[in-house]
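Thanks for coming. I have one structure to go through today, so please look at the sequence and the model on the screen while I talk.

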Amino acid sequence: MICVSLGRTRHKMMIAEHKALAERGAKLVELRLDWLSHLPDLGRMLADRPTPVVVTCRRARDKGLWKWTEEQRLMVLRSAIVSGAEYVDLEEDIASSIRRYGTTKRIVSFHDFEQTPENLEAIHAKMVEHDPDIVKIVTMANSPLDNVRILKLVAQAKVPTIGFCMGEFGIPSRLLAGRYGAPFTYATFSQERAMAPGQLTFDEMRDVYHYDKIDAATQIYGVMADPVAHSMSPAIHNAAFAREKLNKVYLPFRVPKDGLAATIKAFEWLPVKGYSVTLPHKEAALEITKQYEGPVGEIGAANTLFHGPDGGWRAANTDCDAALSSLVRELAPDPATGTDASLSALAGRKVLILGAGGVARAIARGVVNHGGVLMIANRTKTRAAELAEQLGCLLVEWQNRGAVFADVLINCTSVGMHPKLDETPFAENWLREGMVVFDTIYNPERTLLIKQARERGAKTITGVDMFVAQAARQFELFTGRNAPVDVMREALRKAISAARTS
């Protein structure tokens with residue numbers, strides 16, 4: 001179950017939003033009374049409440065907004081119990097001074113906004129001494145490994161325990177808490193009023209991650225990146241899982257640059273069945289396994305880790321085929337043309353790639369393998385020089401990228417990505433009619449580069465088709481089933497639209 005945290009300064013607005021949440025399907029709401037600008041009127045707040053509630057009143061030292069005395073706060077909490085609130089949240093240090101009464105269930109809580117302490121078990125044992133119906137332990141994650149530590153505590157607890165981590169590192173524990181036995185987890189009414197770092201909205205928890213359908217048998221997948229909050233992969237993979245009625249969930253895993261191997265090892269406890277891998281881990285992913293699917297070794301980067309028939313990890317790169325299929329549709333649009341003949345449309349074409357990261361490496365290898373005349377330009381010359389030497393292609397100085405003739409321009413940099421929508425990696429006057437311009441950025445779909453290319457009469461390919469194609473191939477590797485491509489494309493465009501307006 002999802003408990004939606006609700007905080008407003010006016011009683012009237014909190015009551016109205018409580019009703020709105022109930023209409024949207026919320027089953028449990030936390031009333032953050034410390035947000036009110038006047039002393040709480042519990043009779044007004046609890047009368048005719050449309051859902052069960054958790055009454056919470058946080059003081060400043062616990063990152064709350066309570067403005068009055070501690071005696072008044074304790075009186076509010078006692079009054080909530082007497083009034084029959086379904087749950088009341090009591091910090092560990094005050095729990096013994098507030099007695100059990102009636103049917104109200106006691107949540108005894110502990111928060112650490114700095115770290116996930118080493119002595120979690122000792123903290124939990126101390127809280128159990130205060131007559132809880134539910135123990136709640138919330139800590140700050142400073143590493144992806146903290147997710148495993150807190151979820152192990154939840155799974156092993158003999159008293160019902162809500163346990164998860166705050167911050168971007170901790171998002172997986174919020175989504176998996178129920179899988180390991182937590183009675184509920186927390187979400188916020190809206191992103192503008194998140195009660196804690198890393199808190200997701202009720203709509204995200206319910207509609208993107210389908211939290212209430214996650215159970216002990218749910219298989220776990222995810223994207224490993226740093227940062228990861230911007231990723232659209234959870235939206236499209238979870239939409240595909242839902243359409244195919246698969247008991248699987250796909251999560252965002254923030255993993256620092258040097259933490260890939262340790263995180264994959266620690267996440268065996270969850271266990272995670274497959275990963276999408278993106279910046280900054282595409283090259284490091286090759287060190288996880290030597291079992292490769294396709295030309296991963298030649299590309300020098302992987303964007304997918306999945307379990308092979310023997311249960312061991314296998315690495316694949318779905319970027320290459322996705323990009324080539326997008327190019328073929330533009331260069332050889334005749335549907336009657338066979339695949340091999342279509343790919344030959346690249347033969348002899350002069351292709352300029354901007355960038356030298358994982359996506360650039362994958363596409364560059366495909367271009368060379370199919371006879372394209374490749375040129376590489378990158379803001380960091382050393383990376384471009386290394387890639388050009390590996391592929392035996394021409395290195396172009398970044399400042400000279402507009403001076404070379406290219407039939408196909410492919411942008412693999414982040415220039416023009418949301419929110420820097422007014423930037424382009426290739427000046428408008430360098431574009432010409434008839435050239436093919438392919439921007440691998442998918443947020444926004446119509447980058448400034450794409451807009452200016454169309455105005456100049458160039459043929460254009462956006463990053464949406466490539467992103468969906470590479471994700472669809474990942475879905476097939478994860479599940480052994482054909483991907484619902486149309487569903488994934490629709491989910492991606494919806495997620496992009498939501499990101500632009502949030």
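I'll start with strand β18 (residues 408–411), which runs parallel to β19 and is joined to β19 by 4 bridges. Before going further, this is a predicted model: local features need pLDDT of at least 70, side-chain atom pairs count only at pLDDT 80 or more, and totals for chains, interfaces and linings use all residues. Residues are numbered from 1 along each chain as its sequence is written, and side-chain values use heavy atoms, with hydrogens and water left out.

Some terms. Helices (H or I, at least four residues) and strands (E, at least two) are DSSP runs, numbered from the N terminus. Two strands pair if DSSP finds at least two bridges between them. In general, strands of a sheet pair through backbone hydrogen bonds, either parallel or antiparallel.

Buried means under 20% relative accessible area, exposed means over 50%, and partly exposed is in between, with a 1.4 Å probe and protein chains only. The general rule behind the two sides is that in a regular strand the side chains alternate between the two faces of the sheet.

For contrast, take Glu455, which lies in helix α15 (residues 448–455). Glu455 is exposed, because its relative accessible area is 61%.

Now the whole chain. How many helices and strands does the protein chain have? There are 17 helices and 20 strands. The chain has 502 residues, of which 55% count as buried. Its C-alpha atoms fill a box of roughly 80 × 50 × 40 Å, taken along the principal axes. Contact means heavy atoms within 4.5 Å. Among contacts between residues at least 6 apart in sequence, 66% join residues at least 24 apart.

Next, the open sheet. It is formed by 8 strands in the order β7-β6-β5-β4-β3-β2-β1-β8, with parallel pairing. At the edges stand β7 (161–166) and β8 (185–188), each with a single partner strand, so one side of each is left without a neighbour in the sheet. From one strand to the next, the twist averages 25°. Inside this order, β5 (residues 105–112) and β6 (residues 134–140) pair in the parallel sense over 6 bridges, and Asp112 stands opposite Thr139 in β6.

Helix α4 (residues 120–128) packs on the sheet and touches β5, β6 and β7, and its direction makes about 145° with that of β6. Helix α3 (residues 70–82) lies across β3 (53–56) and β4 (87–91), running at about 150° to β4. For these angles, axes are lines fitted to C-alpha atoms, for helices over the stretch in contact, and angles run from 0 to 180 degrees between N-to-C directions.

Moving on to β11 (residues 272–277), 5 of its 6 residues are buried. It pairs with β9 (residues 219–225) in the parallel sense over 5 bridges, and Tyr221 has Gly274 of β11 as its bridge partner. With β13 (residues 304–307), β11 runs antiparallel and is joined by 3 bridges; Tyr275 has Leu305 of β13 as its bridge partner.

Helix α8 (residues 233–243) has 8 of its 11 residues buried, so it is largely enclosed by the rest of the structure. Among those buried are Pro234, Ile236 and Phe241. Just after α8, Lys245 takes a positive phi of about 55°.

Last, a helix pair. The axes of α11 (residues 319–331) and α13 (residues 358–369) come within 8 Å and cross at roughly 60°. That makes α11 oblique to α13; angles under 35 degrees count as roughly parallel, over 145 as roughly antiparallel, 65 to 115 as roughly perpendicular, and the rest as oblique. Which residues meet here? In α11 they are Asp319, Cys320, Ala323 and Leu324, and in α13 they are Val359, Ala362, Ile363, Gly366 and Val367. That's the end of my list.
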